[in-house]
Structures are given as structure tokens and as C-alpha cells.
Amino acid sequence: MAWPLAVILVIHRIAVLAVNGSVTDDFTTVYSAVRRFLDGVPVYNEVYHYVDPHYLYNPGATLLLSPLGMVGNFELARLAFIVVNAAAIVAALALLTRLFDFSLRSLVWPASITAAFLTESVRNTLIFSNINGLLLLGLAVFLWLLLSGRGWWAGLVIGVMILIKPMFAPLLFLPLVKLDWRTLVGGLAVPVAANVVAWPLVPGAGDYLTRLVPYLGEVRDYANSSLTGMAVYFGMPAALETLVWLLFAAVVGVGVIVLLRWRYSDPLLWATTTTGLLLTGVFFLSSLGQMYYSMMIFPMFFTLLLRRSVFHTWPAWVGAYLFLSPDSWHSNRWVDWGRWADFFQATIGWGILLIAVTTCAVVWWRGERPFASEAGTVPGTGTLADDRVSRPSD
């Protein structure tokens, strides 16, 4: 029964919102850059002190994206890119539905499509015509391959994702703690090899290091929902900014460590929740965080279907509303407050979710401690005997 609503929303987001576009246009930036590459013109020749969207991909990613520039008709290329990313989002939700052991004939898949296409993340991914839909599909495929033990393929997928957006690099923590060296090798080798191959092929590749990397190191005070972006916008004292940053970094660290408790006994919960925690930490703590990045938290939302989930608690949903809702807080009466809420509701939402995940992990762990005392632990390991029996061979 959810399919009619899901289909209508998908059509509306593509045929109306995305086709209409907006002032923010990520596609033109990428298309122009890969056309420069194909035409032999230096790729990184933009004026980076302007606030226009800039091309931020490394030479290896430029080579990977270059087939897009072979489509001579700009409008056709943009429409095709929008449709492909919308299809990728739908496919990612299908794969996550199966990953959580639900049939595609169940309510879960169309309901997840409906919910996803109502969010700011999906709307603006399609309106801005960026690549995040394909990256969400890559994330879902990576989790599926990792959990099914296909290490080389998982490494290839996460390597391509890191090549396009280095913000996915922290996810190499997942295979690291499982001693899955195949995934680690692939995840590191792919971006390195791609850039080695691309460097002599991309015109002006050296400008990436001399011009673009310094720009990437700056914290901009516009279209930036990260903690550091908010600090720059409000002129927060450096000491206070550092203190808050360290506190939330500690929250992420504690949550990641405590969640390791379930890496063998409940690998699906562990992998998806840790992924959500790490990526939310990146959005919140890095130099640039944009609200539509929140799409990458979708896998963790599926834990709602499990016996244990951070989304069984109301604070997590408060955070989710703030970083997923397309609602505007603009007000003629509360002008400043409304403007600040529009700029930084994602920042607040991410911060709430970080605290909620770590709090839940600690509560779950403490709730299992009486059981651990009664059942006993494996000598010298600190893990439950039941976990040792259920561990798959790495």
C-alpha cells in the first residue's frame, strides 16, 4: 500500500524539483571540470575565494568521472545524472532491506523509499544534482560485502568511495578491528593507484596540491554545518571551540569502542551503528559538513527493525528530525533565530545523535554486565563464552 506514495514522491522529486534545480548547482561544476580534462585545459583553474560551488575532486576521481563529460548535451547529461542517482538511492534502500532480512515484497522497501524521498538529504541531492545517491548505494554494497565476508570486493568498493570523497576513510576501522586485511588493502590501494595513474593524465594536476588542498584546509563560514563552521560563523573563542571539539571527539571514541562489544555477537547492529556514528562524527567534527550528507546515516536507520537500536529512543529521533527535515525555520518575527536554525539545525541534530548513540551503547553494555557475571567470560579475553562460539572465522 506504500508503493503509490513512494512512486509519486520519486517522480515529483525528479521531474519537478530536480529538473527545476536551484541556485546551488553541483552538477555544472563537475561537468565543467571533466570537460576541461577532456579538452586538455587545466582542471583546477577556479577562483577559490569566490563562494561559488567549486570542483573539489582529486585527479584520480576526475579520471573516474571523466565519462560524464563525453555526453555533449549538457541538459541530457544532467537529467541522466539525476535519474541515475535517484535509481541508486532506491537500489540502496532495496539492498538495505534485504541486508536486514526483509523481503522486497514487504512494507519495508516502499516505506523506506517514501521516508527517504521526504528528507532534505534526498531532495537536495537531486536538486543540486550531486553524486551522493551513487555513494549511498556504494555504502550499502560495502556493508553487504563486508558482512558477507567478500573482503576484496568490499575493499574495491570502499576504495572507490574514498577516492571520490575521503570522508569515507574512517570506515576502514570496520575491517581493521576484524583483521580483514583484504578490505584494508583494497580500500587503501584503490585511491592511491587511481591517483598515480591519473596524475600524468590530468592537465594541471599539480594545482590540486598547490591551490585546492590549501583551500580545503580552510573553514568556510557559509554553507557549512560542521562544528568548526558554526564556530567561525559565530566567532567562538578558539579555546571554547577546541574544548567542545574534544568533548564530542571523546563521545565518538567512547561509542566506537563500546560498540565493539557486538562486532561478533551482532555484526549487523555493530557495522551499521558504528558506520552511522563514524560518519556523523565526520560531518560534525570535520572542516566541512553539509546537511545533505546525512543520507549516509540511512543504514543505521534500518536498525529500527532490530531488537536493539538507537532509534528505539526519542532523542535519536529529535536529532534525526533536525538533520533530515526540509522544514525552514525562517520567521518574520524571530528573524535571527530562524536564520541561525536554518544554518545549524543539522549541527545540533548531529550532536544529539552522537550523544544518543554513545549513551545507548553504554546502557546496552551495562545492561549485559549482570549476564556476563553469571555466564562467565572466556579467560584472558574479556568476552562472553557464547560470543566465542558464535564467531565466524575471519
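# Helix packing in a predicted model

Me: How are α13 and α14 oriented to each other?
Reply: Helices α13 and α14 are roughly antiparallel to each other, a label that applies to angles over 145 degrees. The axes of α13 (residues 238-259) and α14 (residues 267-285) cross at roughly 170° and come within 10 Å. Axes here are lines fitted to C-alpha atoms, for helices over the stretch in contact, with angles running from 0 to 180 degrees between N-to-C directions, and helices are DSSP runs of H or I with at least four residues, numbered from the N terminus. This is a predicted model, in which local features need pLDDT of at least 70 and side-chain atom pairs count only at pLDDT 80 or more, while totals for chains, interfaces and linings use all residues. Residues are numbered from 1 along each chain as its sequence is written, and side-chain values use heavy atoms, with hydrogens and water left out.

Me: Which residues of α13 meet α14?
Reply: Among them are Trp245, Phe248 and Val252 in α13, and the α14 side includes Trp270, Leu277 and Phe284, where contact means heavy atoms within 4.5 Å. The contact of α13 with α14 divides into eleven nonpolar, four polar and no charged residues; Ala, Val, Leu, Ile, Met, Phe, Trp, Tyr, Cys and Pro count as nonpolar, Asp, Glu, Lys and Arg as charged, and the others, Gly among them, as polar.

Me: OK, switching to α1 and α6: at what angle do they cross?
Reply: The axes of α1 (residues 3-20) and α6 (residues 120-127) cross at roughly 60° and come within 8 Å. The two helices are therefore oblique to each other, the class left over once angles under 35 degrees are taken as roughly parallel, over 145 as roughly antiparallel and 65 to 115 as roughly perpendicular.

Me: And which residues meet there?
Reply: Arg13, Ile14, Leu17 and Ala18 in α1 meet Arg123, Leu126 and Ile127 in α6. By class, the contact of α1 with α6 has five nonpolar, no polar and two charged residues.

Me: New topic, how many salt bridges does the structure hold?
Reply: The structure holds five salt bridges, each being a side-chain nitrogen of Lys or Arg within 4 Å of a carboxyl oxygen of Asp or Glu. One of the pairs is Glu46 with Arg36, whose closest N and O atoms are 3.8 Å apart. Glu46 lies in the loop between α2 (26-39) and α3 (59-65) and Arg36 in helix α2, so the pair ties together parts that are ten residues apart in sequence.
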